[in-house]
Amino acid sequence: MEAIVYICLAAMLLFGILAVMHHSILKSAIWLALASASLGVLMYTMGAVWSSLFEISVCSGLVTVIFVSAISLSNTDKGELGKLYEDKKRMSLLPVVLIAGGILLFAAAALQLFSVPDAAPAAAGAEDFAEIFWNSRQTDILGQMIVAITGSVAVVALFKERDIL
Amino acid sequence: MTAQTEMFMLTAGLLMIMAGCYCLIRTYHMLKIIIGIEVAMKAVTMFIMLAGYINGRMGLAQTFIITVIVIEVVVAVVAAGLAVNLYRKYGSMDVRNLRKLRG
């Protein structure tokens, strides 16, 4: 299990950084999908089966489709994009920032400036996902529904070509 | 899972948040900004899962993760819609064009 966790963590970090650094938006979207997939595998390995399913299908699938649709609706020339945003030049310092940040974080951990508590054993039989999701956290479901409806209405409002009412 | 592995997860997550924030600060492309937000959100999702794992309450953590995923998708959809409209109006997805909007 430990080996899979380390591999997924490394893959997620690498794909995340590539998504941010790559000057092509389409490739960035693909790297982001791979980062999501790595996170999904990490979740599955740690026992969060239901959320890993959502992560892989929604974040890795749907969000990528949204990005690709947005990219296909705006067909700017690749050369022009590079000149306009200068992303290659602007993002060139990111590896330096991350290496410095990583060294600082590892130094802080080595000096025990911050630490994480030991994992508690899972409560026996008490953590049924369906029971918590449908009964204990009903307000969350209501909130999710409102957010989803708001998003749909916002998209309709953004793309309307004439008055709806 | 050992405390060392949890520490690595925490560090990797913080580095991802750093990468996302750097992207937010440095780029002007609307879709790239959404990608930066998404990268930081991946780390937040992982932190919630780690918290659930440490406390032995994975069921509760999963419900929060699903809520975060729903919010993440809606943010991506609305921001992508804004980006497409920005492109239709100005011919580019440069966020600096948003300052020119009136009313």
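Modeller: Start with Tyr22(B), which lies in helix α1 of chain B. Keep in mind throughout that this is a predicted model.

Colleague: Is Tyr22(B) buried or exposed?

Modeller: The general idea is to count neighbours: a residue is buried if 20 or more other C-beta atoms lie within 10 Å of its own, and exposed if 12 or fewer. Tyr22(B) has 22 C-beta neighbours inside 10 Å, so Tyr22(B) counts as buried.

Colleague: Which residues does Tyr22(B) touch, leaving out those up to four places away in sequence?

Modeller: With those left out, Tyr22(B) touches Leu94(A) and Val97(A). Within chain B, Tyr22(B) and Gly36(B) are 14 residues apart in sequence, and their C-alpha atoms are 8.0 Å apart in space.

Colleague: How does an exposed case read, for instance Ser92(A)?

Modeller: Ser92(A) sits in the loop between α5 and α6 of chain A. The count for Ser92(A) is 12 C-beta neighbours inside 10 Å, and Ser92(A) is therefore exposed. Ser92(A) is 40 residues from Ser52(A) in sequence, with 33 Å between the two C-alpha atoms.

Colleague: Back to the helix. How does one read the pattern of buried residues along it?

Modeller: An α-helix has 3.6 residues a turn, so residues three or four places apart point the same way. In α1(B), the buried residues include Met9(B), Ala12(B), Leu15(B), Met16(B), Ala19(B), Tyr22(B), Cys23(B) and Arg26(B).

Colleague: Against which elements do the buried residues of α1(B) pack?

Modeller: They pack against α2 of chain B, and also against α1 (2-21), α5 (87-90) and α6 (94-110) of chain A.

Colleague: What span should α1(B) have, given its 24 residues?

Modeller: At 1.5 Å a residue, α1(B) should span 34 Å, and its end C-alpha atoms are 35 Å apart, which agrees.

Colleague: How do I read the radius of gyration?

Modeller: For chain B, a globule of 103 residues would have a radius near 13 Å, but the chain has 17 Å. For chain A, 165 residues would give near 15 Å, but the chain has 21 Å. The boxes filled by the C-alpha atoms, along the principal axes, are roughly 50 × 25 × 15 Å for chain B and roughly 55 × 50 × 25 Å for chain A.

Colleague: What share of the residues counts as buried in chain B, and what share in chain A?

Modeller: The figure is 50% of the 103 residues in chain B, and 24% of the 165 residues in chain A.

Colleague: And how many residues of each chain are in contact with the other?

Modeller: In chain B, 65 residues are in contact with 72 residues of chain A. The elements giving two or more residues to that side of chain B are α1 (3-26), α2 (30-55) and α3. Helix α3(B) gives the most, with 25 residues. By class, that side of chain B has 41 nonpolar, 16 polar and eight charged residues.

Colleague: How do I read a pair of helices across the contact?

Modeller: Look at the angle between the axes, then at the residues that meet. Helix α8 (residues 138-159) of chain A and helix α3 (residues 58-90) of chain B pack at about 10 degrees, their axes 10 Å apart. The two are therefore roughly parallel to each other. Among the residues that meet are Val147(A), Ala148(A) and Val155(A) from α8(A), and Val70(B), Val74(B) and Leu82(B) from α3(B). This contact has twelve nonpolar, seven polar and one charged residue.

Colleague: At what angle do α2(A) and α2(B) cross?

Modeller: They cross at roughly 5 degrees, and their axes come within 11 Å. Helices α2(A) and α2(B) are therefore roughly parallel too. Residues that meet include Leu32(A), Leu39(A) and Met43(A) in α2(A), and Ile35(B), Val39(B) and Met46(B) in α2(B). The classes here are twelve nonpolar, three polar and three charged.

Notes: Residues are numbered from 1 along each chain as its sequence is written. Chains are lettered from A and ligands numbered from 1 in the order in which they are written. This is a predicted model: local features need pLDDT of at least 70, side-chain atom pairs count only at pLDDT 80 or more; totals for chains, interfaces and linings use all residues. Axes are lines fitted to C-alpha atoms, for helices over the stretch in contact, and angles run from 0 to 180 degrees between N-to-C directions. Helices (H or I, at least four residues) and strands (E, at least two) are DSSP runs, numbered from the N terminus. Angles under 35 degrees count as roughly parallel, over 145 as roughly antiparallel, 65 to 115 as roughly perpendicular and the rest as oblique. Two residues are in contact if their C-beta atoms, placed from the backbone, lie within 7 Å. Ala, Val, Leu, Ile, Met, Phe, Trp, Tyr, Cys and Pro count as nonpolar, Asp, Glu, Lys and Arg as charged, and the others, Gly among them, as polar. The radius of gyration is taken over C-alpha atoms; the globule rule is 2.2 Å times the number of residues to the power 0.38. The expected span of a helix is 1.5 Å times one less than its number of residues.
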